[in-house]
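Welcome! Please take a moment to look over the sequence and the model before reading on.

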Amino acid sequence: MDRIIVRGSGPLRGEVAVSGSKNSCLALMAATLLAPGETVLTNVPRLRDVDAMLEILRALGARAEWEGEGAHSVRIDASRIHNPEAPYELVRKMRASFLVLGPLLARCGTARVSEPGGCAIGVRPVDQHLKGFEALGAKLQLDHGYVDASAVKLTGARIAFDISTVNGTQNVMMAACLADGETVLENAAREPEVVELAEFLLKMGADVRGGGTDRISIRGVSRLRAVRHRVAGDRIEAGTLLGAAVATQGDICVQGVDPAHLESTLDKFRECGAEIETRPTEVRLRMPQRPRAVRVVTAPFPGFATDMQAQLMAVLCVAEGSSVVTERVFENRFMHVPELQRMGADIHKEGACAIIRGVDRLCGTDVMASDLRAGAALVIAGLAAEGQTIVHRVYHIDRGYESIETKLSAVGAAIHRESVETVVAKAA
Ligand code: EPU
């Protein structure tokens, strides 16, 4: 297990480019199952989760490979799917694997996919995905932890989601592309990753309208084609890097991201005191003083993203005044709190709220990443802390950040990774 060593070393300065969006990319990869032929995705982040999705696609019978060592593009040829089953060993590694169910059902008329189960941040049921498939006419059976789905032909329907769900909207949207007739998704998620998937499906020949609104309509077509597509920049990675600049009173420019995708994050950073300028594909942030305390409540897009909650909390730990962070999307997404407390943060948790009284200084120590965004938060805290912070269980961070230490070093952070071998050699 690698670990990341961070030293508080003053303001971050410089320019840094973000990678392609993890969450967009995973959905697009699942969508390649809808069409025969070779899809090429570019600007693909080199992440553990992308590798996990490639592995799943291969298990289903597709050819799915990186274009080369260190490349940022993948080629996926789903002309032949010989085994529409995603087993537990693969799905448990990454919940987003459940996204193959919709495309498999639409393309093959049958699919068997392991239920993903809960994870560190909450129970995360998939009932809304299943409700959508059933409405489209699929027969579903839950069998020893697997969802067995079949349909002679899916038929368009009106589906009103009970809650806003990103992957649920995406999964049902993909299935509906090859259904007979029109499907209307009400209370659809409006996240940029849903919009990008809708655009990708359009390119493939689907008839999808209303992406980015809460009402998406899809007219089924008989076949789709494989395409080439560049994955949009990762709004959460961008927000995380900007958060690191806010915490260290830095001045950085983050490139390769659409500022419209992170408006709610930028609004909060402005409230903290940051000066922000945006251009079509970049954000420049200057933080002239210690951050000010803010109140924030997570919500579906365009609200404040739950995927930025932990990182903002790390910033607020060193803010002037008391902040309140309320997590409304997931029920257990405060795993970073005890670790931040170990670094000297003054946080009081009450149900879905955390009250953070800003301290003058955090102090570096050993901390453990419990999930992806919690891990990123600890890195930010380490950059704002006195002394050295060692973040353990870095594999969580590697699920969603391509070499976070390289990106942060580029803007002057004192950060490096120690691989297992180095750690063992040091101990010997
Ligand atoms: N939910 C249900 N039933 C469902 C589906 C969702 O009750 O059938 C609940 C969830 O338990 C949660 C809420 O609805 O309380 C919203 O969950 P959503 O379905 O929107 O989340 P997701 O699609 O499973 C994606 C991202 C997450 C991100 C959320 C919210 C991917 C692969 N994952 O998950 O990303 O937090 O949307 O924006 O797209 C991350 O990148 O760190 C991450 C966790």
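## About the model

This is a predicted model, in which local features need pLDDT of at least 70, side-chain atom pairs count only at pLDDT 80 or more, and totals for chains, interfaces and linings use all residues. Residues are numbered from 1 along each chain as its sequence is written, and side-chain values use heavy atoms, with hydrogens and water left out.

## Around the ligand

Let us start with the ligand. There are 22 residues around it, and those that come nearest are Gln128, Thr165, Asn167, Asp307 and Val329; a residue is near if one of its heavy atoms lies within 4 Å of the molecule. By class, this shell holds nine nonpolar, seven polar and six charged residues. Here Ala, Val, Leu, Ile, Met, Phe, Trp, Tyr, Cys and Pro count as nonpolar, Asp, Glu, Lys and Arg as charged, and the others, Gly among them, as polar.

Four helices each supply at least two residues of the shell: helix 1 (22-31), helix 5 (127-135), helix 6 (166-176) and helix 12 (372-383). Helix 5 gives the most, with three residues. Helices (H or I, at least four residues) and strands (E, at least two) are DSSP runs, numbered from the N terminus.

An N or O atom in the side chain of Thr165 is 2.7 Å from a ligand oxygen, and for the side chain of Arg373 the distance is 2.7 Å. At Val166, a polar backbone atom is 2.8 Å from an oxygen of the ligand. The protein covers 87% of the 830 Å² of accessible area that the ligand has on its own, as computed by the Shrake-Rupley method with a 1.4 Å probe.

## Charges over rings

Next come two arginines. The charged end of Arg46 sits over the ring of Trp66, 3.8 Å from its centre. Arg112 lies over the face of Tyr146, at 4.2 Å from the ring centre. A charge sits over a ring if NZ of Lys or CZ of Arg is within 6 Å of the ring centre and within 35 degrees of the ring normal.

## Backbone points to notice

Most residues other than glycine have a negative phi, and most peptide bonds are trans. Against that background, a cis peptide bond joins Phe301 and Pro302, with omega about 10°. Pro302 is found in the loop between strand 18 (295-297) and helix 10 (309-316).

His144, which is not a glycine, has a positive phi of about 45°. This residue is in the loop between strand 8 (139-143) and strand 9 (146-150), and it counts as exposed because its relative accessibility is 75%. Arg393, also not a glycine, has a positive phi of about 55°. The loop between strand 25 (388-392) and helix 13 (395-398) holds Arg393, which counts as partly exposed at 34% relative accessibility. Buried means under 20% relative accessible area, exposed over 50%, and partly exposed in between (1.4 Å probe, protein chains only).

## Buried places

Is Asp77 buried or exposed? Asp77 counts as buried because its relative accessibility is 17%. Asp77 belongs to strand 5 (residues 74-77).

Helix 10 is mostly covered, with eight of its eight residues buried. Among them are Gln309, Leu312 and Leu316.

How values were computed. A polar contact is a pair of N or O atoms within 3.5 Å; within protein, one must be able to donate a hydrogen and the other to accept it, and residues adjacent in sequence count only if both atoms are side-chain atoms.
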